[in-house]
Amino acid sequence: MSVKVYAPASIANISVGFDTLGAALAPIDGTLLGDTVAIEAATQGVALEVLGPWAHKLPVEPKENIVYQCAEFFIDQLANDNALVGGIKLTLAKNLPVGSGLGSSASSVVAALYALNEYFNRPFSAADLLLVMGKFEGQISGSVHYDNVAPCYLGKMQLILNGKNQVCDAIPSFNQWYWVMSYSGVSLSTAKMRQLLPDQYEKSTVIEFGRHLSTFVHASYKQDEILAFEALKDVLAEPYRAVAIPGYSEAKTALEAMGMLATGISGSGPTLFSITNSLDKAEQAKTWLDKHYLTDENGFSHICRIDPAGVRKI
């Protein structure tokens with residue numbers, strides 16, 4: 001038996017939803033923007049092969065790779081249930097850049113754990129698997145946040161609830177929106193970008209954050225895109241992170257001038273997103289970003305929609 005799984009890139013925060021909103025991404029040209037993990041039988045133990053354009057950014061020692069650690073955890077759990085487990089070989093195709101703001105670590109973790117669950121006949125329920133995914137992704141990002149893991153796993157735009165019985169739930173998205181995603185080529189540490197944020201905020205800022213988030217969720221359910229665009233303002237993270245992302249402020253000004261309706265930082269950056277309901281505008285924005293925002297050959301831009309499917313076998 002063998003299985004191969006794809007887990008899409010994701011955008012976290014979405015300006016108004018710091019640690020509470022995330023969405024899965026699907027390029028409109030059909031590109032699979034995300035990591036894949038394949039599993040096949042092996043003689044014994046766990047073997048890992050890492051391929052792809054970003055493989056060189058990961059630890060050389062397999063045991064330091066989060067995908068290998070996911071496999072060890074899974075086999076330990078099965079052994080505790082007295083299941084007979086043979087050896088396995090995992091192949092990770094690392095297609096997302098590390099430290100990009102595109103949910104790179106979440107993509108690897110979700111692909112690995114979903115593939116393992118499928119390979120071993122689904123010992124974990126969907127809800128339990130999400131909790132395990134959050135735990136492992138948190139080992140990389142520094143703390144457990146589901147705004148990348150949840151949409152990568154479940155697709156759509158996810159509102160993180162962290163309730164006793166429900167981690168998240170999908171909210172309606174605007175199907176007419178195009179999300180232009182542009183990764184500059186610079187790698188930024190999520191943990192270090194978090195350190196740029198203040199330990200405390202003014203009460204007025206917290207109130208403003210709550211108003212923008214609630215307005216955006218309300219507008220999503222009402223499908224009022226004018227109100228939604230008005231609400232897409234980041235008062236918690238962008239004021240402190242923008243200066244640490246080369247070219248971001250200049251790009252945002254240029255994108256607004258060409259008529260893009262909202263622009264923000266994807267996750268911790270440096271990837272930015274810019275939204276429009278016009279494909280012509282999206283293509284114009286992508287052309288500008290390719291020319292002015294990308295720093296080297298490692299950068300890229302994609303015109304995306306929200307991915308409704310999330311992780312899946314391919």
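Let me start with Asp307, which touches Pro8, Ala24, Leu25, Ala26, Gly155, Lys156 and Arg312 once residues up to four places away in sequence are not counted, where contact means heavy atoms within 4.5 Å. This is a predicted model, in which local features need pLDDT of at least 70 and side-chain atom pairs count only at pLDDT 80 or more, while totals for chains, interfaces and linings use all residues. Residues are numbered from 1 along each chain as its sequence is written, and side-chain values use heavy atoms, with hydrogens and water left out.

Asp307 sits in the loop between β12 (300-306) and β13 (312-313), the helices (H or I, at least four residues) and strands (E, at least two) being DSSP runs numbered from the N terminus. With a relative accessible area of 2%, Asp307 is buried, where buried means under 20% relative accessible area, exposed over 50%, and partly exposed in between, with a 1.4 Å probe and protein chains only. A polar atom of the Asp307 side chain lies 3.4 Å from the backbone nitrogen of Gly310.

Gly155, one of the residues that Asp307 touches, comes just after α4 and takes a positive phi of about 80°. Helix α4 itself (residues 146-154) is mostly covered, since 8 of its 9 residues are buried, and these are Tyr146, Asp147, Asn148, Val149, Ala150, Pro151, Cys152 and Tyr153.

Asp35 belongs to strand β4 (residues 34-42), and its relative accessible area is 0%, so Asp35 counts as buried. Its side chain is joined to that of Ser108 by a polar contact of 2.6 Å; such a contact is a pair of N or O atoms within 3.5 Å, and within protein one must be able to donate a hydrogen and the other to accept it, with residues adjacent in sequence counting only if both atoms are side-chain atoms. Leaving aside neighbours within four places in sequence, Asp35 is in contact with residues including Val5, Tyr6, Ala7, Leu92, Ser104 and Ala111.

Which residues have the most contacts inside the largest nonpolar core? They are Ile39, Ile88, Leu90, Leu113, Leu116 and Met133, in a core of 46 residues, a nonpolar core being a set of buried Ala, Val, Leu, Ile, Met, Phe, Trp, Tyr and Cys residues joined through side-chain atoms within 4.5 Å. The elements that give two or more residues to this core are β1 (2-8), β4, β5 (46-51), α1 (66-80), β6 (87-93), α2 (104-119), α3 and α4, and the largest share, 10 residues, comes from α2. A second, separate core of 40 residues includes Ile11, Val16, Ala231 and Phe273. As for Ile88, its contacts beyond four places in sequence include Ile39, Val46, Ala71, Ile75, Leu116 and Phe120.

On a 1 Å grid over the protein atoms alone, a pocket is an open set of points with protein on both sides within 12 Å along at least five of seven lines, a cavity is a set where a 1.4 Å probe fits but cannot get out, and lining residues have an atom within 4 Å of a point. Grid points are joined across faces, edges and corners, and a volume is the space filled by probe spheres set on the points.

Gln166, in the loop between β7 (157-160) and β8 (168-171), is partly exposed because its relative accessibility is 39%. The Gln166 side chain reaches the backbone oxygen of Cys168 at 3.1 Å, and the C-alpha atoms of Gln166 and Leu131, 35 residues apart along the chain, are separated by 10 Å. Helix α3 also holds Gln139, which is partly exposed at 48% relative accessibility and, beyond four places in sequence, is in contact with Ile66 and Gln69.

Finally, the structure holds 1 cavity of 30 Å³ or more. About 40 Å³ of space lies in the largest cavity, whose lining is made of Asn13, Ser15, Asp234, Ala237, Glu238, Arg241, Ile265 and Gly267.
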